[in-house]
Amino acid sequence: QVQLVESGGGVVQPGGSLRLSCAASGSRFRVNLMGWYRQAPGKQRELVATIRSGGTTNYADAVKGRFTISRDNANNTVYLQMNSLKPEDTAVYYCYAMTMTSIGSWGQGTQVTVSS
């Protein structure tokens with residue numbers, strides 16, 4: 001099991017920016033994929049963005065053009081730069097990682113609140 005440590009959540013005004021970070025540790029195998037999911041109150045957890053070790057990215061339509069995912073392969077760290085934040089982005093954001101064994105791990109979540 002991979003341990004994930006998240007940081008960067010907070011409260012911002014609409015149009016503001018936040019940068020989330022997540023570091024994976026404790027894995028005996030290569031972390032092939034990392035990403036971010038989010039869950040708003042009363043809703044299911046949904047994909048935000050993923051990135052593979054080779055650099056391939058995938059974004060939810062709702063965040064394309066506003067969010068950017070990146071990673072440091074050497075340190076198994078993933079980042080989510082969130083710009084032009086909207087109230088609809090308010091949610092708990094969860095870091096995700098999957099090794100070559102296809103066993104996934106989740107972070108504890110970090111709250112992002114976008115409000116005037």
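Me: Thanks! How much of the protein chain counts as buried?
Reply: Of its 116 residues, 41% count as buried, where buried means under 20% relative accessible area, exposed over 50% and partly exposed in between, using a 1.4 Å probe and protein chains only. Keep in mind that this is a predicted model, in which local features need pLDDT of at least 70, side-chain atom pairs count only at pLDDT 80 or more, and totals for chains, interfaces and linings use all residues. Residues are numbered from 1 along each chain as its sequence is written, and side-chain values use heavy atoms, with hydrogens and water left out.

Me: How many helices and strands are there?
Reply: The protein chain has zero helices and eleven strands. Both are DSSP runs numbered from the N terminus: helices are H or I with at least four residues, strands are E with at least two.

Me: And what is the radius of gyration?
Reply: For the protein chain it is 14 Å, close to the 13 Å that the globule rule gives for 116 residues, so the chain is as compact as a globular protein of that length. The radius is taken over C-alpha atoms, and the rule is 2.2 Å times the number of residues to the power 0.38. Along its principal axes, the C-alpha trace spans about 45 × 25 × 20 Å.

Me: Switching topic: how many disulfides does a search of the whole structure find?
Reply: One, a disulfide being a pair of cysteine sulfur atoms within 2.5 Å. Cys22 and Cys95 form it, with their sulfur atoms 2.0 Å apart. The pair links distant parts of the chain, 73 residues apart: Cys22 is in strand 3 (residues 18-25) and Cys95 in strand 9 (residues 91-99).

Me: Is that link left-handed or right-handed, then?
Reply: Left-handed, with -90° about the S-S bond. Cys22 and Cys95 are both buried.

Me: Which residues touch the most other members of the largest nonpolar core?
Reply: Met34, Trp36, Leu80, Met82 and Tyr93, out of 28 residues in that core. Such a core is a set of buried Ala, Val, Leu, Ile, Met, Phe, Trp, Tyr and Cys residues joined through side-chain atoms within 4.5 Å.

Me: Last one: in what order do the four strands of the open sheet run?
Reply: The order is 1-3-8-7, with antiparallel pairing; two strands pair if DSSP finds at least two bridges between them. Strand 1 (3-7) and strand 7 are the edge strands, each pairing on one side only. Six bridges join strand 7 to strand 8, and Ser70 has Tyr79 in strand 8 as its bridge partner.
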